[in-house]
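I opened the model to look up two things.

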Amino acid sequence: MTVVHAEDLPVRDRLAELGLSVEQIEGALRRAESERNFCTPLDPVSLPGNIFWGRTIRFLRETYIPDGWTSASPSNVPLLVAPSGHFAITASSGSPETGYAALTPSTRYAKGNAVMKRVEANRQLLLFGELEAEPEHEDAGDGIPTWFLLYHHSKTDQGTRLHAELSLPNDTGSRGKISSWYERIILPWIDFEGFTPFVDDGDDQGGIDIPIERLS
């Protein structure tokens, strides 16, 4: 059964255990949204989503590296690695269920082999109770649990609402979309009044890790 933290105090307490805070994550998301908003309908349709994804990762790194976190990109998967080296964080757009405690989200798009290997590593670590184990692989960021900062934009009458959660997947799911979670930390939504909502744009890692499936 998935562990879900949705109330304000449990959310803040769990994030603090991970060395994170609501305010710092929200600050990174707000900065990413500001840069995404420089796009116009004349830009390529995938650009706003790629900008938001890339800037979210960059701003999380800028926020937490001064506190001893490090950046790593094993197999071109961009990570923020905790000071302990025991877990890492990446980012991904999510389905419309993202940010709702009573619903089960998935990643918005299918992920490629490198990302799915990290999720499979999560499953193995959870199965054998070794979430605090020391990393055994040579590459920085490998062999440790990977949390996903999921986010989803939706339209409102005033502009855009951003839902987000920090969640730990425990299974690769089907057809490349991650939809099974061991733990979810639901973050407060953020409203952006007057911002142009690009809700049908592209997604992260499109040119980095391409899933390949056999045609049926």
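I count two strands as paired if DSSP finds at least two bridges between them. Helices (H or I, at least four residues) and strands (E, at least two) are DSSP runs, numbered from the N terminus. This is a predicted model: local features need pLDDT of at least 70, side-chain atom pairs count only at pLDDT 80 or more, and totals for chains, interfaces and linings use all residues. Residues are numbered from 1 along each chain as its sequence is written, and side-chain values use heavy atoms, with hydrogens and water left out.

**Sheet**

I traced an open sheet of seven strands with mixed pairing, in the order S1-S7-S6-S5-S4-S3-S2. S1 (3–5) and S2 are the edge strands, each with a single partner strand, so one side of each lacks a neighbour in the sheet. From one strand to the next, the twist averages 25°. Angles here run from 0 to 180 degrees between N-to-C directions, with axes fitted as lines to C-alpha atoms, for helices over the stretch in contact.

S1 and S7 (residues 180–193) run parallel and are joined by three bridges. His5 has Ile185 in S7 as its bridge partner.

**Helices on the sheet**

I checked contacts next (heavy atoms within 4.5 Å). Helix H1 (residues 8–17) packs on the sheet and touches S1, S5, S6 (159–171) and S7. The direction of H1 makes about 115° with that of S7. Helix H4 (residues 113–127) lies across S3, S5, S6 and S7, at about 55° to S6.

**Aromatic rings**

How many aromatic pairs does the structure hold? I found three. Rings of Phe, Tyr and Trp (its six-membered ring) pair if their centres lie within 6.5 Å; planes under 30 degrees apart are stacked, over 60 edge-to-face, the rest tilted.

Phe52 and Tyr151 have ring centres 4.7 Å apart and planes at 65°, so I logged the pair as edge-to-face. Phe52 is in helix H3 (residues 47–64) and Tyr151 in strand S5 (residues 146–155), so the pair ties together parts 99 residues apart in sequence. Buried means under 20% relative accessible area, exposed over 50%, partly exposed in between (1.4 Å probe, protein chains only). Phe52, at 1% relative accessibility, counts as buried. Tyr151, at 4%, does too.

Trp69 and Phe87 are also edge-to-face, because their centres are 5.7 Å apart and their planes at 85°. Both residues, Trp69 and Phe87, are buried.
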